Amino acid sequence: MSTNATVENLVPIFIMGKRYEVPETFTIMKAMEHTGYKFLRGCGCRGGVCGACSAVYRKAGDYHIRSGLACQTVVEPDMYLAQLPFYPALRQVYDYATTEAAAAAVFALYPELFRCVACNACTKICPMEVQVMDYVAALKRGDILQAAEQSFDCIQCGLCASRCMGELPQYHIAQVARRLAGGKLKPRAQHLADMLAAIQTGRFGDALADLRRADKDRLRTLYEQRELEPEMTGEEWRPQATVGL
Amino acid sequence: MPYPQQLKDLMKQVAATRAQRVAQKQSGWHFPFLSLDQRKEMLNHHPDFREEGRREVRVGPSKGYRVAHEIVDLLEARSRVDPDRLDLARVALETDVLIIGGGGAGTSAALLAQEQGASVVVATKLRHGDANTMMAEGGIQAATKGEKDSPYFHYLDVMGGGHFTNEPELVHTLVTQAPSAIAWLEALGCNFTKSPAGRLATIHGGGTSRKRMHYAADITGAEIMRTIRDEARNRGRDITLLEFSPAVELVLDERGHCVGAVLYNLETEEYFLVRAKAVILATGVCGRLHIQGFMTTNHYGATADGVVLGYRAGVPICFLHTVQYHPTGIVFPEQAEGILITEKFRGSGANLCNVDGEQFVNEREPRDVEAAAIIRECSVKGKGVPTPSGKAGIWLDSPMIELLAGEGTVKREFPGKYILLKRFGIDISQEPMLIFPTLHYQNGGLEYTSECTTKVPGLYVAGEVGGGVHGANRLMGNSLLDIIVFGRIAGENAGAYAKQAARPGALTLDHVRRYHQELASAGVGAERIAPMLLPDYTPPDVRGRQLTAQYQGTLR
Amino acid sequence: MRIAYYPGCTLKLTAQNLEAAALASLRALGLVVEELPRWNCCGAVASLAEDDLLHQVAPVRDLVRAAERGADRLLTLCAPCYNTLARANRLMAEDEEKRKTINLFMEEEPDYAGQVKVVHLLDFLRDDLGFEALATKVVRPLTGLKVAPYYGCMLLRPKRVAIEEHPTLLHRLLAALGAETVDFPAMTDCCGAYQILGHEAMALDASAAILRSATRRGAQALVTSCPLCDYNLGARQPDLRDRHGDLPELPVYYFTQLLALALGCAPEALRLDLSPPGCRRLLAERGAIAAAT
């Protein structure tokens with residue numbers, strides 16, 4: 001029991017209600033592995049970006065439900081925790097190519113957007129501090145670009161959906177918004193299209209063929225002679241040599 | 001954990017030289033790059049050059065090749081399934097193209113195979129998108145700015161970074177297909193950072209001669225992955241996703257053509273067969289093998305399964321003796337140990353400094369050189385910064401970025417890392433980060449062609465599981481590029497092959513029997529099985545109490 | 001005095017003409033308003049059931065947004081937004097028990113007690129500028145145009161949030177713009193509102209009665225401040241005529257559109273592209289705008 005004071009850097013935590021003692025500096029993920037859990041679900045990148053390991057917890061004597069990524073959240077004494085590695089939120093299939101980047105298209109896919117009552121439970125639970133309610137609000141008024149920007153750090157863990165009384169699948173809706181913004185609302189890169197055309201017409205064929213024929217020594221020489229674009233210049237820099245351009 | 005007082009005191013040395021270093025950078029001065037000969041010398045400090053870290057593999061198509069013990073252990077191991085017990089007549093699922101791996105390469109391949117009219121099954125060990133693609137932060141290289149850059153310079157940079165050992169044909173394909181890979185992603189709605197007029201933002205990466213690294217804030221890989229995953233989900237009628245279902249063995253026909261795989265349902269612990277006309281291996285990488293004990297940036301499932309599967313089926317391996325250690329992994333706080341700090345920090349101007357606050361290497365050397373320089377500074381030179389747990393690290397001076405590019409830049413450009421370290425009480429816009437090299441990338445792998453074919457007909461390779469394009473060292477921003485370019489090629493070619501040329505025969509696992517015989521003859525591997533599927537982080541004392549004498553299932 | 005501006009969702013979608021004309025007018029009047037950088041849906045009519053506190057959370061949150069910007073007033077253009085926000089504000093100011101409950105539920109926000117005043121643009125023009133002063137700024141008076149000022153429900157009911165007890169503000173505004181106002185008995189009747197979705201015939205009949213009442217008094221146009229009224233009375237006029245064949249066409253404008261026109265704002269600010277064709281036609285016939293801009 002907890003009276004064992006010989007190991008002073010251990011703290012008690014409750015994993016799905018069962019008590020374990022774990023080193024106080026561990027993350028929830030390392031603490032669970034330390035107790036003998038072996039993850040199948042609930043563990044992914046171990047670096048805070050994949051959304052596999054969302055955990056919900058309470059602190060002793062506090063009714064607030066808190067959240068964090070198990071791989072990023074350090075344990076606290078008497079933490080009551082569980083993982084929520086999957087949430088059955090509805091994701092609508094849509095044909096990206098023909099979907100118009102307009103509010104009406106998003107509304108048609110996800111009419112439940114209008115079930116939002118601005119309770120803010122989504123934002124409060126988000127482990128990435130995304131302003132979920134705000135991007136839902138932006139979408140309700142048709143501002144796809146703002147929703148795309150505000151949802152950018154979303155890791156699609158599904159915790160928002162798990163807390164939503166309007167039963168919105170916020171993270172799926174945001175994904176539609178980001179793709180419509182990225183591919184249809186923001187202007188395409190003209191320099192990219194120009195480069196594709198240049199490659200298509202074979203502009204670099206000879207220069208590349210020359211490199212392919214070069215032996216190692218010549219490659220080394222060409223490599224060492226490369227003009228290096230200075231770090232602190234803007235887009236205006238141009239190389240002196242025209243070989244390869 | 002915030003920095004303890006001892007580190008806060010040491011940090012003052014970095015702050016003391018910061019103003020001068022910022023001024024130097026603004027004036028255009030940079031710490032001298034090493035010459036090619038000096039690089040070679042420096043690389044002696046790289047873990048790849050520790051002979052005691054590797055041994056010869058004694059079986060299989062690349063018998064005699066010396067690679068890391070941890071990889072040899074997997075190659076010299078028996079199958080998870082007994083070929084005699086598996087009923088090959090019971091096929092659970094049939095498809096045109098089976099893709100093993102649900103990361104960036106596998107998903108790109110799925111989309112392109114589907115566009116050939118093929119039915120596609122993607123089998124992945126964890127969730128769709130649980131892959132290193134998701135974790136790639138810095139960016140994706142492509143020569144898209146014709147006024148100063150072209151595939152010619154990209155080619156030279158790739159070859160130089162790989163120490164001129166790369167497969168030229170693969171490099172040629174990589175650099176000439178790069179712009180169309182970016183255009184494809186842009187058209188699918190990927191939010192690359194760009195100007196209001198649509199001009200893509202590009203920066204330098206280690207070893208680049210031109211600023212050609214495109215990015216989406218500091219979550220480039222995640223943005224790419226979630227975009228193409230969303231598209232694959234939209235095409236769910238033709239693309240079936242099998243999550244938590246890793247492949248444990250390839251299935252060949254009597255002519256040796258690849259015609260499917262044995263998959264394993266991790267949750268129900270059942271093995272089942274998928275028959276396919278073509279198979280694409282897109283399984284990624286080996287970081288969770290913790291080669292030479294290094295910490296890793298890789299995701300939980302990075303256990304080199306595809307190398308094991310392909311090797312047993314007869315595909316040789318190449319460049320696997322080189323492993324990339326990312327120069328900058330977090331070494332403090334310990335909870336975040338191994339987590340990658342993107343090279344974009346250095347691309348944006350942050351210096352590396354030793355315990356005395358001195359620069360000792362240009363921050364934009366190729367990764368292997370950079371990592372070797374950090375290891376040397378901490379070991380041979382003894383100028384590392386001591387951490388509370390007795391390790392050593394080097395300062396990455398992120399506050400410089402605020403001084404160079406304006407207040408708020410760190411938070412805006414690196415939101416992921418800013419939030420992560422803020423949770424630990426460290427404000428990286430004000431305090432430098434403590435870093436050390438971390439196991440990051442498998443430079444080598446299965447041999448494949450620029451058409452993504454292998455020695456085994458019907459078996460295709462895409463992404464990090466393959467070797468050759470990066471030679472002995474990959475440059476930053478070329479891995480995301482690799483998976484998109486070769487993922488698409490593999491999907492297109494496998495899809496077309498499945499629809500036209502494939503004439504699959506009867507299923508056999510004879511190659512597994514032969515491999516087992518070879519192991520027995522060499523007298524190795526009887527005690528090991530592979531693929532590993534998942535690493536095991538159970539502490540030894542807990543393991544010692546796990547006394548179950550006999551399991552019904554096969555996972556454990 | 002600091003005023004925060006709350007547009008509401010409809011003004012960003014179908015009622016952009018209500019907003020565009022208003023903002024152009026305010027600029028022309030030299031009145032500076034700043035849109036709240038963060039805001040959510042006002043909750044609209046979902047909050048009309050007063051025992052359902054949850055639906056007060058949305059409008060109260062917008063009031064908190066205004067308070068945290070240091071505003072003492074929140075400006076609205078849209079009648080339902082005005083109504084919803086004003087009622088939520090009264091609730092927070094006057095019902096201590098419900099205020100406590102809502103504040104406790106929204107504990108991540110600062111406590112709010114109804115301190116921000118919700119105003120409608122009509123209030124604002126009366127109080128901050130005055131209609132006499134407004135009249136002096138008119139450069140293109142609507143002389144001779146007979147306009148029916150339609151108030152509907154949301155500006156006037158319930159009484160405790162009415163912008164005024166007896167409807168005069170639209171009259172005074174139109175008079176200041178040089179128009180001739182047409183009194184008509186149905187000016188505060190309901191247009192049928194959301195019943196258009198569930199009980200279409202009933203709503204169409206209600207709207208038809210309003211239009212008929214206005215045209216009988218000789219109105220050439222009707223103004224409103226409510227996107228829903230604009231829809232029922234304006235956009236649905238072809239359907240109304242299907243049911244009531246003898247109903248003449250009557251252009252329906254947002255009051256802000258006529259305001260902008262009179263103040264000499266560029267015709268584009270009226271966003272007539274979002275109004276039924278008759279709206280542009282009437283103004284073009286009068287030479288107030290070019291026939292096709």
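Predicted model: local features only at pLDDT ≥ 70, side-chain atom pairs only at ≥ 80, totals over all residues.
Colleague: Which chains share the most contacts, then?

Modeller: There are two pairs of chains in contact, and of these chains A and B share the most contacts. On the side of chain B, 79 residues take part, and they touch 73 residues of chain A.

Colleague: What makes up the side of chain B that touches chain A?

Modeller: The elements that give two or more residues to that side are helices H1 (5-26), H5 (132-135), H6 (151-161), H7 (168-187), H8 and H14 (415-423) of chain B. The largest share, nine residues, is given by H7(B). By class, the side of chain B that touches chain A holds 36 nonpolar, 24 polar and 19 charged residues.

Colleague: How many residues does the contact of chain A take from chain C?

Modeller: That contact takes 15 residues from chain C and 13 residues from chain A. On the side of chain A, helix H4 (residues 132-140) of chain A provides the largest share, which is four residues, and the side as a whole divides into six nonpolar, two polar and five charged residues.

Colleague: Why is chain C called as compact as a globular protein of its length?

Modeller: The globule rule gives 19 Å for 293 residues, and the radius of gyration of chain C is 19 Å, close to that value, so chain C is as compact as a globular protein of that length. Along the principal axes, the C-alpha atoms of chain C fill a box of roughly 55 × 45 × 30 Å, and the secondary structure of the chain comes to 13 helices and eight strands.

Colleague: What share of chain C is called buried?

Modeller: A residue is called buried if 20 or more other C-beta atoms lie within 10 Å of its own, and buried residues make up 49% of the 293 residues in chain C. As for contacts in chain C with a separation of 6 or more, 78% of them are accounted for by residues 24 or more positions apart.

Colleague: What confidence does the predictor give to chain C?

Modeller: Chain C averages a pLDDT of 93, with 96% of the residues scoring at least 70, while the model scores ipTM 0.95 and pTM 0.90.

Colleague: Why is the crossing of H4(B) and H8(B) called left-handed?

Modeller: A crossing is left-handed if the near helix is turned anticlockwise from the far one by less than a right angle; H4(B) and H8(B) cross at roughly 35 degrees, and their crossing is left-handed. The contact involves, among others, B:Gly104, B:Thr107 and B:Leu111 of H4(B) and B:Ile224, B:Ile228 and B:Arg229 of H8(B), and the residues of the contact are six nonpolar, three polar and two charged.

Colleague: What is the handedness of the crossing of H4(B) and H15(B)?

Modeller: That crossing is right-handed, the term for a near helix turned clockwise. H4(B) and helix H15 (residues 478-499) of chain B pack at an angle of about 35 degrees, with their axes 7 Å apart. The contact includes B:Ala105, B:Ala109 and B:Leu112 of H4(B) and B:Ile483, B:Gly487 and B:Ala494 of H15(B), and by class it has 12 nonpolar, six polar and two charged residues.

Key: Residues numbered from 1 in each chain as written. Chains lettered and ligands numbered in written order. pLDDT = per-residue confidence, 0-100. Axes fitted to C-alpha atoms, helices over the stretch in contact; angles between N-to-C directions. Contact = placed C-beta atoms within 7 Å. Nonpolar A, V, L, I, M, F, W, Y, C, P; charged D, E, K, R; others polar. Rg over C-alpha atoms; globule rule 2.2 N^0.38 Å. Buried ≥ 20, exposed ≤ 12 C-beta atoms within 10 Å, placed from the backbone.
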